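I set out to record what can be looked up in this structure. The entries below follow the order in which I worked.

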Amino acid sequence: MSLGGNGGGRPLIELSGVHKHYDSGDGEITVLRDVDLEVQAGEFVSVVGPSGSGKSTLLNLITGIDRPNSGRVVVAGEAVHELNENALARWRGRNVGVIFQFFQLLPTLTILENVILPMDFCDVVPRRERRERALELLTLMDIDDQAHKLPNALSGGQQQRAAIARALANDPPLIVGDEPTGNLDTETADQVSLHLKRLVDEGKTVILVTHDQRLSQQTHRVLHLVDGELHRDRTNSRESSTRPNALSADSTSRAPQHGREPSLDEDSAVTRATVSSVVQAVWSGARS
Ligand SMILES: Nc1ncnc2c1ncn2[C@@H]1O[C@H](COP(=O)(O)OP(=O)(O)OP(=O)(O)O)[C@@H](O)[C@H]1O
Ligand SMILES: [Mg+2]
């Protein structure tokens with residue numbers, strides 16, 4: 001099936017002069033300083049850097065889950081930082097697929113229902129086509145045989161592939177992942193990485209935060225964040241990353257295991273983000 005391509009022209013992601021701080025009891029904590037970044041449609045980008053360097057914050061600004069204190073964040077032609085919550089939820093549902101380290105599938109829905117949910121939320125795919133599209137996406141991820149199970153009956157790798165299928169539900173141009181292989185063993189992480197590479201080959205733009213060097217080596221471009229500043233922007237060699245023609249905007253078509261458990265704060269932040277990106281209309285009360 002075609003996953004759709006991206007229109008050419010201006011960058012898919014444009015950040016300019018982005019500054020982000022949080023207020024703590026002890027004063028202001030600066031998390032991102034004066035970040036300028038452009039990502040072209042069709043690129044495969046990883047964001048790496050020490051813990052606390054601002055990687056997740058950067059992704060959250062791109063998806064509109066968080067807002068900058070100053071600067072501009074323009075994604076898929078939309079000034080994301082200027083949208084109100086309702087417009088943001090609609091925009092996100094159509095333009096961004098999010099993949100999390102801990103999958104964040106809704107536990108009481110089957111895998112198939114989890115993939116259909118964003119389609120019901122956004123109403124872009126005609127109702128009568130949703131089930132078939134969800135099954136096709138699960139087939140693409142090689143887990144169509146798991147469609148009618150609940151998430152906890154699947155392995156970690158299968159759940160993450162279901163989460164990728166869900167991220168593709170509305171055929172968004174941009175796929176964003178925060179440590180998508182961070183909770184998987186090496187072999188399973190490699191399978192998930194292969195699926196992510198395939199998405200790029202088929203015209204998607206993929207940006208990932210990762211501690212997994214095996215994964216970052218496969219991306220076209222590696223952004224190094226240190227203390228909230230973009231220190232290095234490295235282009236990987238052709239040999240180590242995916243084929244360069246996958247960079248084309250009009251293409252049609254591991255081993256991480258730092259073994260870190262999420263803190264309660266991280267967990268609830270991820271849950272809020274999931275709710276926001278997948279089912280905000282239904283679960284709006286859960287985002288506190
Ligand atoms: N909601 C918040 N309130 C206050 N401080 C925050 C908040 N979110 C993040 N921070 C702080 O911002 C900094 C950057 O956090 P961020 O989560 O972006 O780091 P990271 O690079 O993703 O780290 P890790 O690799 O551990 O996931 C950290 O010092 C963190 O404590
Ligand atoms: Mg993080």
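The entries that follow cover the model, its sheets, its core, the ligand shell and some backbone angles.

**Entry 1. Ground rules.** I note that this is a predicted model, in which local features need pLDDT of at least 70, side-chain atom pairs count only at pLDDT 80 or more, and totals for chains, interfaces and linings use all residues. Residues are numbered from 1 along each chain as its sequence is written, while chains are lettered from A and ligands numbered from 1 in the order in which they are written.

**Entry 2. Inventory.** I counted nine helices and ten strands in the protein. Helices (H or I, at least four residues) and strands (E, at least two) are DSSP runs, numbered from the N terminus. I then looked up burial: of the 288 residues, 48% are buried. A residue is buried if 20 or more other C-beta atoms lie within 10 Å of its own, exposed if 12 or fewer, and partly exposed in between, with C-beta atoms placed from the backbone.

**Entry 3. The six-stranded sheet.** I traced an open sheet of six strands with mixed pairing, in the order β6-β7-β8-β3-β9-β10. Two strands pair if DSSP finds at least two bridges between them. The edges are held by β6 (96-100) and β10 (229-235); each has a single partner strand, so one side of each lacks a neighbour in the sheet. From one strand to the next the twist averages 15°, with axes taken as lines fitted to C-alpha atoms (for helices over the stretch in contact) and angles running from 0 to 180 degrees between N-to-C directions.

**Entry 4. Strand β7.** I examined β7 (residues 174-178), which pairs in the parallel sense with β8 (residues 205-209) over five bridges. β6 and β7 also pair in the parallel sense over five bridges. Gly-177 of β7 stands opposite Ile-99, and its bridge partner in β8 is Leu-208. Val-176 has Ile-207 as its bridge partner in β8. Is β7 buried or exposed? Five of its five residues are buried, so β7 is largely enclosed by the rest of the structure. In a regular strand the side chains alternate between the two faces of the sheet. Here both faces are covered, with Leu-174, Val-176 and Asp-178 buried on one side and Ile-175 and Gly-177 buried on the other.

**Entry 5. The four-stranded sheet.** I found an open sheet of four strands, β2-β1-β4-β5, with antiparallel pairing. β2 and β5 stand at its edges with a single partner strand each, so one side of each has no neighbour in the sheet. β1 and β4 pair in the antiparallel sense over five bridges; the bridge partner of Ile-13 in β4 is Val-75.

**Entry 6. The core.** I looked up the largest nonpolar core, which has 66 residues; Ile-62, Val-115 and Leu-138 have the most contacts inside it. Helix α3 (residues 111-122) gives the most to this core, with eight residues. A nonpolar core is a set of buried Ala, Val, Leu, Ile, Met, Phe, Trp, Tyr and Cys residues joined through C-beta atoms within 7 Å. Which residues does Ile-62 contact, leaving aside its neighbours within four places in sequence? They are Ile-13, Val-73, Val-75, Val-176 and Ile-207, where contact requires C-beta atoms, placed from the backbone, within 7 Å.

**Entry 7. Ligand 1 and helix α1.** I listed the residues around ligand 1, among them Tyr-22, Ile-29, Gly-49, Gly-54, Lys-55, Ser-56 and Thr-57; a residue is near a molecule if its C-beta atom, placed from the backbone, lies within 6 Å of it. β1 (13-24), β2 (27-39) and α1 (55-62) are the elements that give two or more residues to this shell. α1 gives the most, with three residues. The shell divides into three nonpolar, eight polar and one charged residue. Ala, Val, Leu, Ile, Met, Phe, Trp, Tyr, Cys and Pro count as nonpolar, Asp, Glu, Lys and Arg as charged, and the others, Gly among them, as polar. Seven of the eight residues of α1 are buried, so α1 is largely enclosed by the rest of the structure; Lys-55, Ser-56 and Thr-57 are among those buried.

**Entry 8. Positive phi angles.** Ala-76, which is not a glycine, has a positive phi near 50° and lies in the loop between β4 (70-75) and β5 (78-79). Ala-76 counts as buried because it has 20 C-beta neighbours inside 10 Å. Gln-104, also not a glycine, has a positive phi of about 60° and lies in the loop between β6 and α3. Gln-104 is buried, with 22 other C-beta atoms within 10 Å.

Methods:
Contact = placed C-beta atoms within 7 Å.
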